[in-house]
Amino acid sequence: VAQQLRLRRGDLIGAAMADAGKTILESDPEVSEAIDFVEFYAATALEIQQDSRFRVSPLGTVVVVSPWNFPIAIPCGGIAAALAAGNTVILKPASDTVLPARILCECFWDAGVPREALQFLACSGSDAGRYLLSHPDIELAILTGGTETALRILESRPELKLLAETGGKNATIVSSLSDRDLAVKNVLHSAFSHSGQKCSATSLLLLEEEVYHDKDFRSALVDAVESMAVGSVWDLKTKMGPLIRPPEGVLARGLKELEPGESWASMPRMLHDNPCLYTPGVKWGVSGGSFTHMTELFGPVLGVMPYRQIDDAIERVHQTGYGLTSGLESLDDREQALWTSRLQAGNLYVNRPTTGAIVLRQPFGGMGKSAFGPGIKAGGPNYVAPLMRFPGLNEAATQEDRGQPQTQAASPKMPRLPMMSAFWQQLATGRSKAVRQARDWLTESGWLQLQQAMSSFDNFASTEIRASHDTLKLLGQDNIRRYLPMSHVRIRLHESDSWLDLCVRAAAIVAVGGRATVSAPRGVHANWIQTLEDLTSDWAGDIEFIEESDEDLVAAVADDQVDRVRYASRTAVPLAVRKAADQQLIYIADAPVSPVGRVELLWYVREQSICIDYHRYGNLGFRSGEQRQAVL
């Protein structure tokens, strides 16, 4: 498939230009990204499938609902991941960009993927929602689209597994300690490439007051904006092409109206009597909480706001509720460290544009209103995992099935993480009533399974979850992939759960360093909760225990007190809880509890990518002596 994509690069670029109005410079990288997706997902899926610790199987039929603004890379990524995981796929492309989607499918078919395994379905979005996604044989949907679209899909079928990237209101913060000329260059590309019609595009520019009142900076920004070549994508001089359709709704308001205190630093204008062709606009003096501040416009409009301290700017970014991409322009290490530690977004960029994520280098995906799903990022090593079915504790393969000698699994290693080690030693050598009761409920077989799970969790947490990763180590650029443990997880007990299910989930949240509340309805396994509370009272202060009805849980979800809910089985989730979680874009992890860290620990964390251009015009400064790879 990758080779077919290479051979048809010109056809794919031409189709994207014709259907989506994307310039060659915007379309060509999409083909490269599609090739990367195909090769990378094949490799990661194979790695998982060949792992002897578990047997995997496909989910079934996956629907990929792709957008018009990235008509090549995004549908290709969804198709490739789902096929690599063993599923059959139905591609439902955006109605505006059917041609590149059709050519993309031809690349898969011509390479040998059966037409029964990948089916192409051109239809309206309403028909897809009414007939396709509501069908009980559809196991999972991969959606790239608006937040409202995701909510409508979940409202019509709450139990559908949905992996959705849903948009963004992205900001770039420009500090007084920045390279201001470089900031102008980066902001220009971030805000107006593909006419701002990217979910990752910068649409808010937060300027420290010194920069905001700097007439030279404003003049340079406006001059750069008004110098952009706007026109047909068939004219190779064009930097910014047309909108996908004439502006309407919030975009029309954003292009034409000002609110109190706002002024046009550069007023957008329609060109050549073409209702799809607008020059970029820059609004100066945007107020906190205003329409321009809070609304995703998805077009060539940049709102500019002042701030006094970087903490204030970060708060303005979080106020929108979105969390897809975010940028910082600052040469100060202290500001960079503060910003990267506090900013809640999936992809963070320092001294570079906020668009153009590259597979493996910057895995892509958001937080908050910018994503729905388990928080596993596209183009990263874990993306295919939610598209597979893994055996749970009761389904775990025997040693013979794994092809391993019995002795290998009989002596799991004691964990190195302090709290995990304390839990292990307490159960292994403790003499308290709680320990005796816990061991009785586990039985010898269950105790061995718990030991194996804790050993696996400890290893994966130490080497992957609690570490930061820069896989490529490029010269002049840090690309850090890291995991953020969740702090408001509900480990929800059901009467059908086992004691081992509860202990393994508690060990998982401890392994990743997160915080959880173990909750159950009145009378459901109350003795288990009390025993686990007694066992963990000395060393796991980040686990709380409460009695909570389903109605109480619904209220807690609606009140934003919960980040994630972890059930031990899909059938245990009440419909009311599922609907409440869907409305808040809160993911319910309801796969069987796994004893393998590579699987179970992903439900308790979010992934984040940080990309930092640490060179300055090629000068590496004090980092010039590091052993790095040359940029390809």
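**Helices α19 and α20**

I began with helix α19 and helix α20 (residues 526-536) in this predicted model. They pack at an angle of about 35°, with axes 11 Å apart. Axes are lines fitted to C-alpha atoms, for helices over the stretch in contact, and angles run from 0 to 180 degrees between N-to-C directions. I took helices (H or I, at least four residues) and strands (E, at least two) as DSSP runs, numbered from the N terminus. α19 passes α20 in a right-handed crossing. A crossing is right-handed if the near helix is turned clockwise from the far one by less than a right angle, and left-handed if anticlockwise.

I listed the residues in contact, meaning heavy atoms within 4.5 Å. On α19 they are Trp499, Leu502 and Ala506, and on α20 Trp528, Thr531, Leu532 and Leu535. By class, this contact of α19 with α20 has six nonpolar, one polar and no charged residues. Ala, Val, Leu, Ile, Met, Phe, Trp, Tyr, Cys and Pro count as nonpolar, Asp, Glu, Lys and Arg as charged, and the others, Gly among them, as polar.

**Ground rules**

I noted that residues are numbered from 1 along each chain as its sequence is written, and that side-chain values use heavy atoms, with hydrogens and water left out. Local features need pLDDT of at least 70, side-chain atom pairs count only at pLDDT 80 or more, and totals for chains, interfaces and linings use all residues.

**The five-stranded sheet**

Five strands form an open sheet in the order β21-β20-β19-β22-β23, with parallel pairing. Two strands pair if DSSP finds at least two bridges between them. The edge strands, β21 (543-547) and β23 (587-589), each pair on one side only. From one strand to the next, the twist averages 25°.

I then checked strand β20 (residues 516-520), which runs parallel to β21 and is joined to β21 by five bridges. Val518 stands opposite Phe545 in β21. Helix α19 (residues 499-512) touches β19 (489-492), β20, β21 and β22 (564-566), and its direction makes about 165° with that of β19.

**The nine-stranded sheet**

I found another open sheet, of nine strands, in the order β9-β10-β11-β8-β7-β13-β14-β24-β18, with mixed pairing. β9 (263-266) and β18 (477-485) stand at the edges with a single partner strand each, so one side of each has no neighbour in the sheet. Neighbouring strands are turned by 20° against each other on average, direction ignored.

Strand β10 (residues 281-284) pairs with strand β11 (residues 301-307) in the parallel sense over four bridges. There, Gly281 stands opposite Val301 in β11. Helix α8 (residues 180-192) packs on this sheet, touching β7 (170-174), β8 (202-208), β10, β11 and β13 (325-329), and its direction makes about 135° with that of β11. Helix α10 (residues 215-226) lies across β8, β9 and β10 and runs at about 65° to β9.

I looked up helix α13 (residues 310-319) and helix α14 (residues 333-342), which pack at an angle of about 30° with their axes 11 Å apart. That makes α13 roughly parallel to α14. Angles under 35 degrees count as roughly parallel, over 145 as roughly antiparallel, 65 to 115 as roughly perpendicular and the rest as oblique. Ile310, Asp311, Ile314 and His318 in α13 meet Glu335, Leu338, Trp339 and Arg342 in α14. I read the classes as four nonpolar, one polar and three charged.

Helix α2 (residues 9-20) and helix α3 (residues 24-49) pack at about 130°, with axes 9 Å apart. They are therefore oblique to each other. Their crossing is right-handed.

**Confidence**

Last, I checked pLDDT, the predictor's confidence in each residue, from 0 to 100. The protein chain has a mean of 94, and 97% of its residues reach 70 or more. Over residues 397-408 the pLDDT is below 50, and this stretch has twelve contacts in the model beyond near neighbours in sequence. Where pLDDT is low, the predicted coordinates should not be read in detail.
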